[in-house]
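Colleague: I would like to go through this model slowly, one contact at a time. Could we look at it together?

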Amino acid sequence: MIVELSNLLAALNVSADWVGLRATQEASTHRTVRDGIPEYNRTTTSQGIMVEVLANGQIGYAATNLLTLESVQTAALTAQR
C-alpha cells in the first residue's frame, strides 16, 4: 500500500507547501446465531484515502473512498481551497 500511496502522491498536481495522504482499510464481520443455528455471516470491507494540504498557511482536508488518481486529485484540489 505504501508504494501505491507514494505513486499517487508523486502524480498529484497541487500547488501547495505540503501534501499528505492517509489510507485506511477496515474489515468487519457480522454474525447472527439464533437457537444455536447460524443465520447470518457476512464480511464487509471499506477503504479510503484522506488528503491533507498545506497552502497559504492553512491546512485543508478532504477524503475519498475511490483509490484512483482522478479521485485523489479531486480531493487534493478540494482540500487546497
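Colleague: What is the length of the polar contact that joins the side chains of Thr64 and Ser71?

Modeller: Please keep in mind that this is a predicted model, in which local features need pLDDT of at least 70 and side-chain atom pairs count only at pLDDT 80 or more, while totals for chains, interfaces and linings use all residues. Residues are numbered from 1 along each chain as its sequence is written, and side-chain values use heavy atoms, with hydrogens and water left out. A polar contact is a pair of N or O atoms within 3.5 Å, where within protein one must be able to donate a hydrogen and the other to accept it, and where residues adjacent in sequence count only if both atoms are side-chain atoms. For the side chains of Thr64 and Ser71, the distance is 2.4 Å.

Colleague: Is Thr64 buried or exposed?

Modeller: Thr64 lies in strand β3, a strand being a DSSP run of E with at least two residues, whereas a helix is a run of H or I with at least four, both numbered from the N terminus. Buried means under 20% relative accessible area, exposed over 50% and partly exposed in between, with a 1.4 Å probe and protein chains only. Because its relative accessibility is 12%, Thr64 counts as buried.

Colleague: Which residues of α2 are buried?

Modeller: Helix α2 covers residues 69-80, and Thr64 touches Ser71, Val72 and Ala75, among others, when residues up to four places away in sequence are not counted; contact here means heavy atoms within 4.5 Å. The buried residues of α2 are Ser71, Val72, Gln73, Ala75, Ala76 and Ala79.

Colleague: How far apart in space are Gly60 and Ala76, C-alpha to C-alpha?

Modeller: Gly60 is found in strand β3, residues 58-64, and is in contact with Ala79, as well as with Val51, Glu52 and Val53, leaving aside neighbours within four places in sequence. Gly60 and Ala76 are 16 residues apart in sequence, and their C-alpha atoms are separated in space by 8.7 Å.

Colleague: Which residue does Glu52 meet in a salt bridge?

Modeller: A salt bridge is a side-chain nitrogen of Lys or Arg within 4 Å of a carboxyl oxygen of Asp or Glu, and a search of the whole structure finds two. Glu52 takes part in one of 3.2 Å, N to O, and the partner is Arg22.

Colleague: How many residues apart are Glu52 and Arg22?

Modeller: Glu52 is in strand β2 (residues 37-55) and Arg22 in strand β1 (residues 18-34), so that the pair links distant parts of the chain. Glu52 is buried at 9% relative accessible area, whereas Arg22 is partly exposed at 48%.

Note on methods: Expected span 1.5 Å × (residues − 1).
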